[in-house]
Amino acid sequence: MFYCVGQHLIARGLRWVVSDHDGGEVLDLAGAEPANRGMKIKVLASVDRPEIPGVREAEWPGEGCFSLPVEWRAFHEAFVIGNPDARGLDAFFGRVRREPYQLEPLRRIRRLPEPRLLIADDAGMGKTVEAGIILSDFMARGLCQRLLVVAPRGLVGHWRSKLLAMFGIETEEFCLRTVSELARRLPSYVNPWMHASRIVTSMDFAKKPGVLRSLSRAFWDAVVFDECHHAAMRGGRKNQRHRLLKTLSGRCRCILLLSATPHDGTFTGFSSLVECLDPLIASGDGIADQDSARQFVIRRLRKDVGIREDCSLRRVVSEIRIEMGGEERTLYSMLDAYSRTAAEIAGQNGGEEARSCMELAEIILRKRFASSLHAFTRTLRARISAIEKRLAGGTGDTCACLLPGIKPVERIPASIGERHLKAELEALVAMQEKAEAISPESESKTAALAAKLREIRAANPAEKVVVFTEFRDTLMHLARGLGIETRPDAVELFHGGMPQQARDSALRRFLKSDWINLMIATDAAGEGIDIQDGCRILIHNELPWNPNRMEQRNGRVDRYGQKGRPEIFYFRLAGSIESEVLSALYSKLDAIRNELGSISDVLGSVDAGKIGEIIARGGPGRELLKQGVIPGCAGNFSMDRFRDPDADHGFIGGRSRDSDEWGAGRFVLAALEVFGGSASPAGPDSVFSIRTPDGFARRCAGGGGAWLIAPEYPEATFDREIGLSKVSSGPEFIHEGHPLAAALASRLRERRFNESFRGCSTAVSGVSGKGVLFTFLLTAAVRGGARAVDRLACVLGRSDGSVSTENPRAVLESIDGPLHRPSRDELVEARRIFNLTRGKAREMAAARALELAEELRKDLNRRAAARLGDLGQYREARAAQLARRFSPGAEKDLFSAAESESSGMRLKEEMRRLEAQVIDAAEAAEAEASSEVDSHAAALGICVFT
C-alpha cells in the first residue's frame, strides 16, 4: 500500500497523520484528533495495517445520494478555514486591532537562527498581542504543540483570557491544586506537566524546587516568560526565579521574554536575561556586545511607531495639593519628634541591627500617615503591642508586625535597652491618642478625594474612575467613606486578598456595569490588567516610594487602545514627606516623560530601595531628592542602545489576501445549517443571535466555568470593526480562528475520514456550461513533519473529454441555492462525463500537487539562504567583539569584563564555541533545505453542473 508524508491514516482505532516515511515498513505517525493530540508513535505497516480513510479515487454516488449544495460548499470551505497556508496569517489575529509595528517581532524572530527574543517595548504598546501573534504563527505552521506561559500570579488569568479571546488559544492553569490532583490520578511515572499541552502558571509556583524538578523533565515548543525583569539576577546573585528561567530556556525551542523594563541600571541583570536567549552573548561578567545582543532584543518607544502623536490624547498629570487640618499638623509634628527619638535610640544603641530597626519603623509610619489616618493608627497599635510584649517579657528579640494582617516585617532587637523602649512607647502612645481623636470625616485627604470625585461626576456622571492605594486597610477605609457619597454597591474593590476569580469578576463589573463608576484598588491591579477600554481617569491616593509602581499604575489607563485623554491625579499632602521630597521626584520624572516620550529606561535604573533609605537618613541625600535628582540614574546602562526606530513597521506576515476571502461569516452560517444550529439577525450592523448545534458547546479546560464554545451567543458578529469596537462588552466576534468556527470546520473535515462517507457530491443548475467538477485536497509535506502545505484544487471535466482547473473561490461562491434534482437523461450524461474525465482529472490534480511540492522546496531554499546569510553576519560581528574583548590591553567599557591573564586562552575557547554554534545552525538550515518533500492529491467530492 502507498504511504506518504502528510497522509491521514487510521491505526489502533485512532486517526494519525504520517510525519515521516522512508518508503519501508516503518511509519512515524503524529496524533490528529483530541484523544491522541501531541502523541507520536512508530508503527510497522505489515503488523498494524493502518487504513487509508475516506476515498482516494472519485466515485460516482448512488442515485439519490447527492448532498445539499450548502453542505457541499461548507464541507469544502472547511478545508480552507482549517488551512493556515490558504487563509493567510490575518485570520489568526482574531479579536485584535492589529497595528503594523506589532508584526515586527514576528518578522524578527523568523529571521533569527533560533526563535528566541526579548520583547522590551514600552509599557502599553501591546506586548501580549505581539507574543500572541508569534504563537499563532507558530501554531499555524505546525511548530507549536506544547506551550508554557509563565507570569506573575496576578496575571495568570489575564493571559488565559487574552489568549482565548484574542487568538482562540485555549490554555489550562497549573497551580498547586491542579498539579496535586494530577499527581494523584496519574501513574507515578507520568509527569503532570506533560499531561496538558498548553499551560499558564505563575512564576512563584513554578520556581519551587519540587515543581522545578518536574518542569526540568518536560520539553516545550514555546515558552513565554512575562515580566521577565522579576527573574533577572540582582547584584550578581542568582535567585529562584532566575533558576526557573534558566531551566526553561534550555527546555524549549522558542522562548519569548517580555518586559518594558528588563534592566536595573547596570548590565548585570540585563545580561542574565539575554544570556537565557543565547549563552554566547554573556561571557564572564557581562554582555558581550551591543551588536551581538541587539538581534535578540526588540525595543520601541511610543514615539518610534507614531502612537499618540495627537497631543489631545497625551497623558495629563495633575498634582492636587492638600492642606492638613490643625489636628493633623500637630500629629505630623509629633511624628517628626518621634523620628528624632528613633535616630537617638539607633545612635546610642549602635549596631546595624538597631539602626535598621528604627529606620524601618519610621519609614512605615511615614508611609502609613500619607496613606490614611486609619492605616497610621493601626500601625501605631501594632508597634505599641510589640514593645509592650518586649517590656513584659524581659530580654530577647521580639517580633513587631508593623503592617497588620501580614507576617512580621521586623524584630525589635535585644540590643535596644528598656529605657529607650519606654521613651519610644511614650511617643507612640501620645500619637495614638492624638490620631484616634481626629474624626474620619475631618481627615483632609479623604475629604479631598471625595471632593475630586464629585467634581468629576458633575462634569460627566458616567465617567469611571480608578483610585489606587498601597495598603488594603486604607482601601477598606476609603470604601466606607466614599460609599457614603454614593451608593455602596457603586464602589468596586480590587486587592490581592481576593481570589483570582473574584478579581476578574470585580474588573468585569466595573467595566461593564452602568451604575458602578468607581474602583478602589491596591497594586494587585497595577500590573497586567487592562481598563483602558472603559476608564481614562486614575487617582493616586498616596505617592508610592517606588516610581516603577506608580508608572505601572498609570499604564492601566495610558496604554494601547485608549480612545480618550488619560487624566492622572496624585495627592500631595502639604508639610509631609510627600510634599517635601516625593512630589519633586515625580515632577522630574513627568518632565522626562514629556521630553522623551517614555520613562521606562529611567525607571529601570531608579533604585527604589535607596529612596526609602535617603528619606529615613535625611542629610544631603534628602536635599538632592528635593531638587529632583533621581537616585541610581547615574548608572552607565540604557535600553536606548537597543531601540530600532527605523524598523520595518509596515511588515505584514503571511500571504496577502482580500479582506473578505474565505470569510468566516459565510462558512459559519452554512455550517450551522448543516449541523442543526441557527443564526438569526439580532439588530442592525450585521449582528446575529446564534444557537450552537447540539454537542458543540464546551467549557474551557481546567475548570473555571468559562465557555470555550457557548451554547448560544445572543449577540455575535463576523465584522471585524464591530467586533473590535468594544472588546470587553461588545458582540462576540467570530473570526476564522474562533473556537466555534474551528470546531465546525473540524467536524466537517472529519467526514472525509468516515468509512461510510463516499465523497461529498451535489448537483446545481444555472452555471454556464455543463460538466462534472472534481475537487481534491493537495498536500505537500517535508519528511519529518517539519512543514506541510495544503491546497484545495478544482478540476472541471467537460462533455468532450477535456479537463481544466478552476478557481476554488469562484467555484465555492457559485454553489448556492436549492438542490437541483437532475433528470435521468442528465444523470446518464453526467456519469458518461465522469467516467470519461475521472482519470485526467486525477492526473491533473497530481500534477498540481507536484507543483505545490516544488513551491515548498523553493520556499525551504529561500529560508535556508536567508538563515545562512544571517548566520554569516552574526559570526562576523561576534568574532570581532570577542577579539576586542579579549585583546591585550583592551579598555574596560560598558559591556567589558575584568581582564584576566588568560585572555588569549579564553578568546580561543569562545571562538571554538562560536564556530561550533554557527556550524550546527548552518547544518540544520542546509538539512532543512535538502529535505525530501512528498506530495499527493486526495479526492474530496464531485459536483454535477447541469
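Val47 lies in helix α1, which spans residues 45–48. In this predicted model, Val47 counts as exposed, since its relative accessibility is 60% and the cut-off for exposure is over 50%. Val47 and Glu25 are separated by 22 residues in sequence, and their C-alpha atoms are 9.2 Å apart in space.

Glu227 is found in the loop between β9 (220–225) and α10 (240–249). Although Glu227 is not a glycine, its phi is positive, at about 50 degrees. Glu227 is buried, because its relative accessible area of 14% falls under the 20% limit.

The chain as a whole contains 946 residues, of which 54% are buried. Its secondary structure comprises 30 helices and 32 strands. Among contacts in the chain with a separation of 6 or more, 76% are between residues 24 or more positions apart.

Burial was also examined for helix α4, which covers residues 104–111. Six of its eight residues are buried, so α4 is largely enclosed by the rest of the structure. The buried residues are Glu104, Pro105, Leu106, Arg107, Arg108 and Ile109.

Two helix pairs that share α25 were then considered. Two packed helices are described by the angle between their axes and the distance between the axes. Helix α2 (residues 69–81) packs against helix α25 (residues 664–675) at an angle of about 130 degrees, and the two axes are 9 Å apart. The helices α2 and α25 are therefore oblique to each other, and α2 passes α25 in a left-handed crossing. On the α2 side, the contact is made by Val70, Glu71, Arg73, Ala74, Glu77, Ala78 and Ile81. On the α25 side, the residues are Ala664, Arg666, Phe667, Ala670, Ala671, Glu673 and Val674. Of the residues in the contact of α2 with α25, nine are nonpolar, five are charged and none is polar.

In the second pair, α25 packs against helix α27 (residues 739–750) at an angle of about 55 degrees, with 10 Å between the axes. This pair, α25 and α27, is therefore also oblique, and α25 passes α27 in a left-handed crossing. From α25, the contact involves Phe667, Val668, Ala671, Leu672, Val674 and Phe675. From α27, it involves Ala741, Leu744, Ala745, Arg747 and Leu748. The residues of the contact of α25 with α27 divide into ten nonpolar and one charged, with no polar residue. Phe667, Ala671 and Val674 of α25 take part in the contact with α2 and also in the contact with α27.

The mean pLDDT of the chain is 77, and 74% of its residues reach 70 or more. Confidence is highest in strand β6 (residues 147–151), with a mean of 95, and lowest in helix α3 (residues 84–87), with a mean of 48. Over residues 86–91, pLDDT stays under 50, and the model has 24 contacts beyond four places in sequence for these residues. In residues 649–662, pLDDT likewise stays under 50, and the model has 39 contacts beyond four places in sequence for that stretch. Where pLDDT is low, the predicted coordinates should not be read in detail.

Notes: Residues are numbered from 1 along each chain as its sequence is written. This is a predicted model: local features need pLDDT of at least 70, side-chain atom pairs count only at pLDDT 80 or more; totals for chains, interfaces and linings use all residues. Side-chain values use heavy atoms; hydrogens and water are left out. Axes are lines fitted to C-alpha atoms, for helices over the stretch in contact, and angles run from 0 to 180 degrees between N-to-C directions. Helices (H or I, at least four residues) and strands (E, at least two) are DSSP runs, numbered from the N terminus. Angles under 35 degrees count as roughly parallel, over 145 as roughly antiparallel, 65 to 115 as roughly perpendicular and the rest as oblique. A crossing is left-handed if the near helix is turned anticlockwise from the far one by less than a right angle, and right-handed if clockwise. Contact means heavy atoms within 4.5 Å. Ala, Val, Leu, Ile, Met, Phe, Trp, Tyr, Cys and Pro count as nonpolar, Asp, Glu, Lys and Arg as charged, and the others, Gly among them, as polar. Buried means under 20% relative accessible area, exposed over 50%, partly exposed in between (1.4 Å probe, protein chains only). pLDDT is the predictor's confidence in each residue, from 0 to 100.
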